[in-house]
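Subject: Structure handover

Hi,

Here is the structure I promised to pass on. Please open it first, then read my notes below.

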Amino acid sequence: MSRFFSNIKDNATGIYRILIFLSAIALVVYILPREGKFPYEYSKGKPWKHEMLIAPFDFPVYKSQAELENERDSILDNFRPYFNFDTLRKAEQANRISIEFENKKENLSEKYPFLEKTPERKDSSLWSIVKETTRNELIKIYNKGLINLPEQYINAGPSFELILVRNNFAEPSGLSEFHNYQSAYQQITLHIFRQMKVLTEVDQQVLDNLVSDLQINKYLEPNINYDLERTTRERDKILKNLSLTSGIVLSGQRIVDTGEIIDDKTVKILDSLKKEYEISLGSGSGYYFILLGQVLFTFLFMGLIYLFLYFFRRDVYNNLLSISFMLIMVIGMLLLVRLSRLFDFFPLYIIPFAILPIIIRTFFDSRLAFFMHVITILMGAFFTQNSFEFVYMQVPIGLIAIFSLFRMVRREQLVRASIFIVIAYSGFYTAMAILQEGDLQNINLSLYGQFFINGAFILLVYPLIYVFEKAFGFISDVTLVELSDTNHPLLRKLAEKAPGSFQHSLQVGNLAQEAVYRIGGNPLLVRAGAMYHDIGKTVSPIFFTENQNTGFNPHTNLDYEKSAQSIIQHIEKGVKIARKHKIPEQIIDFIRTHQGTTKTKYFYNSYLNENPDKEPDISQFTYPGPTPFTKETAILMMADAVEAASRSLKNYTDEEIEKLVENIIESQIDENQFVNAPITFREITQVKEVFKQKLKNIYHARVEYPELKNQNAPQTSENREPQTPPDTPDE
């Protein structure tokens with residue numbers, strides 16, 4: 001029955017896996033552009049490697065982006081903005097002067113008495129002359145026009161031209177034809193000074209004060225104003241009518257022959273043909289063929305991912321969350337490429353493709369990370385205009401990202417990787433540009449800015465790792481370092497309640513980590529697992545020999561079955577404690593597997609010796625398992641048993657240590673403890689060698705200090721603490 005339900009579960013997992021891949025295929029096909037791919041690859045400055053190319057149909061030659069930008073800039077430079085002439089402003093301001101000057105007359109006449117005088121051969125007072133002069137000059141100014149320039153034209157010179165709209169009639173005019181605030185004010189004050197100099201002898205300072213009190217600026221309101229709406233409308237109309245083409249190529253016309261060097265003109269024609277060719281394939285019946293091709297294209301690439309996981313990473317293949325995570329990463333990157341094609345403000349080279357291999361490397365391994373990066377880049381090349389350039393730039397970046405951030409345990413490593421990626425992008429682009437252009441003049445400097453932004457986006461890896469850890473149950477090197485910190489609350493509790501077990505865990509971690517370094521694996525993971533593998537001993541530490549420092553042994557009053565169970569239960573208790581404190585499942589695996597399905601041999605053998613005629617209940621003496629199923633958990637099991645047994649040695653000779661290591665690990669092999677772990681006999685042999693060497697270093701022979709013969713000799717530093725001989729290793 002259990003096998004039946006196991007088969008159902010396996011079948012369900014297989015169905016879900018296939019559905020995940022089919023969903024990914026559907027999403028990728030959905031975001032792919034519905035256009036074909038031009039069948040030729042070419043680069044400026046390189047010879048044409050294909051057969052002679054004849055135009056298959058008539059097509060326009062599109063201007064390059066640089067040409068369009070130059071024409072657009074030229075149009076904008078020569079464009080004349082629109083201004084409206086307000087014909088009513090003159091009368092309004094003239095009437096305003098008449099009224100307000102009458103209100104000022106009394107006060108100004110008291111301050112300047114000469115204004116009440118009437119000059120000879122004049123019918124009006126000086127005050128009336130000042131008022132009329134001001135009014136008449138203001139009318140002249142408004143007849144000519146007082147212009148108000150917007151901020152973007154404030155520095156325009158006299159030769160600047162505009163379109164003046166007066167009485168619904170538009171005509172070009174020069175800026176020098178109109179008054180500005182300064183010239184208008186000067187004209188009015190100058191005429192007032194001239195009139196007063198002729199009619200009266202008044203000091204210049206008095207006249208200056210009079211003009212200031214007249215507040216002429218109040219009446220200088222422009223009657224020529226900028227028409228933003230019409231200017232924008234007319235400018236957009238001109239830009240819209242800008243021709244995107246610069247000629248036409250007729251069907252049957254020769255474009256390029258084999259071996260010809262592709263120059264600027266040929267590149268422009270080929271780019272135009274490519275554009276028209278891809279658009280024509282996406283219309284009519286060709287649409288469905290393109291859709292079919294995209295489905296096959298995506299299916300094949302997703303099939304490669306499926307097969308790679310099946311043959312080389314079965315652990316990932318069997319984990320639906322891991323598969324979902326990687327496919328989400330791939331689709332996310334492809335979606336960013338699609339957005340860069342749709343929007344000009346989102347250029348291709350600011351997309352941080354290196355994030356994908358960095359994150360996959362963080363949670364899995366370098367080989368899987370690089371494989372997924374290459375597959376993503378090859379699929380992304382379908383979205384780009386120049387597939388060769390895109391692949392050439394992006395594939396090495398993935399390698400550099402993996403090399404520069406092999407293990408991310410500190411934040412500065414991420415900054416360093418970001419710098420390396422920016423340098424690599426810049427180097428590869430410069431090399432490619434020199435090869436294509438033949439000089440440095442045509443290098444696009446703006447791309448270096450995009451590379452810098454790309455490097456800045458790499459810093460997003462740090463928070464993304466945390467998000468993915470929580471969302472998918474992964475564990476990163478940063479988290480492993482944090483968990484291995486002895487200041488972690490659980491480890492502090494272990495050190496306080498079970499100090500012997502804590503020291504044992506430290507030694508197991510040292511042994512296991514060195515072994516993992518030798519044969520390959522994740523040393524940070526095995527060290528963290530070692531620190532927590534005996535956390536269950538904090539519940540009843542006195543039941544374990546390493547914590548019995550008072551001479552009391554609770555097993556003395558227990559039968560062998562109960563003693564064995566009290567020891568075995570530290571596995572289950574450890575799992576409960578770890579889950580209560582939200583320790584990752586990858587660490588809990590070490591707690592569950594570090595004893596596998598072995599027996600508590602001390603109590604089991606003691607029971608058999610005292611009860612030779614009884615058949616023991618083996619389940620009472622056997623750990624529940626499971627057995628180790630990863631390389632790291634297998635190594636921890638070996639290190640745990642070897643370190644614990646080494647404490648019972650009476651003579652720490654090289655022969656005794658080697659014999660101990662061999663016996664312990666061979667016994668575990670005989671009990672089939674490593675049948676589910678991906679570890680080879682060669683690797684087990686290497687692990688043994690590491691353990692032997694480490695234990696020899698720990699338990700090396702020490703120098704026997706000489707006895708002090710003269711009891712009355714003073715206790716100097718030399719005879720109080722004898723120095724180790726030079727040829728003896730330090731303790």
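**Helix pairs**

Helices α22 and α23 cross in a right-handed way. A crossing is right-handed if the near helix is turned clockwise from the far one by less than a right angle, and left-handed if anticlockwise. Helices here are DSSP runs of H or I with at least four residues, and strands are runs of E with at least two, numbered from the N terminus.

Before going on, note that this is a predicted model: local features need pLDDT of at least 70, side-chain atom pairs count only at pLDDT 80 or more, and totals for chains, interfaces and linings use all residues. Residues are numbered from 1 along each chain as its sequence is written, and side-chain values use heavy atoms, with hydrogens and water left out.

Two packed helices are described by the angle between their axes and the distance between the axes. For α22 and α23, the axes come within 9 Å and cross at roughly 165°. The axes are lines fitted to C-alpha atoms, for helices over the stretch in contact, and angles run from 0 to 180 degrees between N-to-C directions. The helices α22 and α23 are therefore roughly antiparallel. The cut-offs are under 35 degrees for roughly parallel, over 145 for roughly antiparallel, 65 to 115 for roughly perpendicular, and oblique for the rest.

How do α25 and α26 pack? Helix α25 covers residues 631–646 and helix α26 covers residues 654–670; their axes are 10 Å apart, at an angle of about 135°. That angle makes α25 oblique to α26. The crossing of α25 past α26 is right-handed.

Most residues other than glycine have a negative phi, and most peptide bonds are trans.

- K582 has a positive phi, near 60°. K582 sits in the loop between α22 (560–580) and α23 (585–593). K582 counts as exposed, because its relative accessibility is 73%. (Exposed means over 50% relative accessible area, buried under 20%, and partly exposed in between, with a 1.4 Å probe and protein chains only.)
- N168 also has a positive phi, near 65°. N168 is in the loop between β5 (161–166) and β6 (169–174). With a relative accessible area of 80%, N168 is exposed.
- G625 and P626 are joined by a cis peptide bond, with omega at about 5°. P626 belongs to the loop between α24 (601–610) and α25.

**Salt bridges**

Side chains of opposite charge can pair when their charged atoms come close. The rule for a salt bridge is a side-chain nitrogen of Lys or Arg within 4 Å of a carboxyl oxygen of Asp or Glu. How many salt bridges does this rule give? The count is 29. Here are some of them.

E666 and K688 meet in a salt bridge, at 2.5 Å from N to O. This pair links distant parts of the chain: E666 is in helix α26 and K688 is in helix α27 (residues 681–698), 22 residues apart. E666 is partly exposed at 32% relative accessibility. K688 is buried at 7%.

E100 pairs with K218, and their closest N and O atoms are 3.6 Å apart. K218 is partly exposed at 36%. Both residues belong to a network of salt bridges that links D86, R89, E92, R96, E100, K218 and E221.

K63 bridges to E71, with the closest N and O atoms 2.6 Å apart. Is K63 buried or exposed? K63 counts as buried, at 14% relative accessibility. E71 counts as partly exposed, at 28%.

**Inside and outside**

I397 lies in helix α14 (residues 387–404). I397 is buried, because its relative accessibility is 0%. The C-alpha atoms of I397 and P357 are 9.6 Å apart, though 40 residues separate the two along the chain.

Now the surface. I15, Y16, I18, L19 and L22 make a nonpolar patch of about 490 Å². Patches are made of residues with over 30% relative accessible area and no salt bridge; like charges are joined within 9 Å, and nonpolar side chains (Val, Leu, Ile, Met, Phe, Trp, Tyr) within 5 Å. Accessible areas come from the Shrake-Rupley method with a 1.4 Å probe, and for residues only the protein chains shown count as cover. L19 lies in helix α1 (residues 2–31). L19 is partly exposed, at 45% relative accessibility.

Best wishes
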